[in-house]
Structures are given as structure tokens and as C-alpha cells.
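Please look through the sequence and the model below before reading the notes. The notes are grouped by topic.

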Amino acid sequence: MRRTILASTFAATMLLAGCGADDTISTGTTGTAASTSSVAATTSAEGETTAPATPSPDAPEPVSPTTTTQAPPPAPAQQADPVQRTVDIIGFEFEPGTLTVPVGSTITWVQKDDSLHTVDFTDGTESGDLTQGQSYSRTFTEPGTYDYVCFYHPRMTATVIVE
Ligand SMILES: [Cu+2]
């Protein structure tokens with residue numbers, strides 16, 4: 001292609017040169033240069049199609065200056081603070097029927113019925129007779145489930161859960 005252009009241009013130049021006109025020869029030379037430049041530009045554009053730059057995948061990891069810091073020792077099992085709770089004995093029921101408290105808590109039963117009631121635990125702890133207005137307290141120092149019943153009214157059952 002390029003050689004053909006040059007050859008034909010050369011031939012044309014020679015033909016024009018044969019005419020003996022200097023101006024014509026100069027024009028032919030300029031045309032040849034333009035064609036060559038155009039071909040060179042195209043080749044250069046194709047050669048510059050290089051792969052796009054990719055970001056570096058191996059970025060350095062941040063270095064922590066406090067790698068020697070030790071974790072604090074594990075805190076001892078956190079026990080909830082003991083509380084004071086009240087259970088009403090009213091309407092031939094313990095209210096609430098189930099009460100959950102932390103270890104060390106104290107529960108007070110308040111007898112509000114016009115009848116005799118007791119708080120008798122299955123572990124043997126008993127309140128004795130409670131008349132209206134009397135109360136009975138027990139402190140629970142060990143976790144567990146404490147069922148109790150009224151001595152006079154076996155249907156009156158309830159539970160204390162100590163955690
Ligand atoms: Cu009772």
C-alpha cells in the first residue's frame with residue numbers, strides 16, 4: 001500500500017518532472033509527504049493502546065503500635081444485688097405466685113386475709129401461723145427453687161426462684 005503510493009507518486013512526479021515545470025514538481029513532493037504522515041499517524045495511534053494502569057493490590061496493612069497491650073482480666077461473675085420483695089397473702093392466694101430474686105434477697109409475706117395462713121416451704125422452713133396483719137420474712141442465701149404452701153389451705157401453693 002505505502003509502497004504503491006510512493007511508487008505511483010514517484011511515477012507521477014517523474015511524469016510531471018518530464019514536463020519541466022519546477023512548480024509542478026514541488027507540489028508533487030508535498031503531496032507525498034502528506035500521505036506518508038497520515039499513514040504514520042494511524043500506526044502510532046494503534047500502537048498506543050496499552051492496558052490501563054491497575055491499582056496495586058498489595059497495600060501494606062496498618063501496623064498497630066499497641067500489640068503488647070493485654071486484655072484486662074475477666075471480671076468475676078457479676079451477681080445481681082440482693083433485693084427486698086413482698087408477697088401478699090390475700091384472697092387465699094400468694095401474690096405473686098412465682099417470684100424470682102437474686103441470691104441474698106429477702107422476701108416478706110404480708111398476711112392480709114381474715115383467716116389463718118402459713119408459709120411452709122418444702123425444705124422444712126415454716127412461718128408458723130399468720131393472722132391478718134402479721135408478716136413473715138425469709139432471706140434466701142442459696143440459689144434454687146423454693147416451693148411453699150399454706151398449711152391450712154393445700155391449694156395455696158407458690159414458688160420463689162433464687163438465682
Ligand atoms: Cu391459708
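In what order do the 4 strands of the open sheet lie? The order is β3-β8-β7-β5, and the pairing is mixed. This is a predicted model, and the chain has a mean pLDDT of 74.

**Confidence**

- A pLDDT of 70 or more is reached by 53% of the residues in the chain.
- Residues 1-52 have a pLDDT below 50. Beyond near neighbours in sequence, this stretch has 14 contacts in the model.

**The open sheet**

- The edge strands are β3, residues 98-101, and β5, residues 120-121. Each of these strands pairs on one side only.
- Strand β7 covers residues 144-149 and runs antiparallel to β5. The two strands are joined by 2 bridges.
- The bridge partner of Y148 is A158, which lies in β8.

**The largest nonpolar core**

- The largest nonpolar core has 14 residues. The members that touch the most other members are V87, I89, F94, I107, W109, V119 and Y136.
- Which elements give two or more residues to this core? They are β1 (84-89), β4 (106-111) and β8 (157-162).
- β8 supplies the largest share of the core, with 3 residues. β8 is also one of the strands of the open sheet.
- Setting aside residues up to four places away in sequence, W109 touches V87, I89, V119, S127, S135 and Y136. Among the residues in that list, V87, I89, V119 and Y136 are also named with W109 as core members that touch the most others.

**E95 and its surroundings**

- E95 is found in strand β2, which spans residues 94-95.
- Is E95 buried, exposed or partly exposed? E95 counts as partly exposed because it has 14 C-beta neighbours inside 10 Å, whereas a buried residue needs 20 or more and an exposed one has 12 or fewer.
- Which residues is E95 in contact with, leaving aside neighbours within four places in sequence? The contacts are V87, D88 and I90. V87 is also touched by W109.
- From C-alpha to C-alpha, E95 and W109 are 9.2 Å apart in space. In sequence, E95 and W109 are 14 residues apart.

Conventions: Residues numbered from 1 in each chain as written. Predicted model: local features only at pLDDT ≥ 70, side-chain atom pairs only at ≥ 80, totals over all residues. Core = buried A, V, L, I, M, F, W, Y, C linked by C-beta atoms within 7 Å. Contact = placed C-beta atoms within 7 Å. pLDDT = per-residue confidence, 0-100. Pairing = 2+ DSSP bridges.
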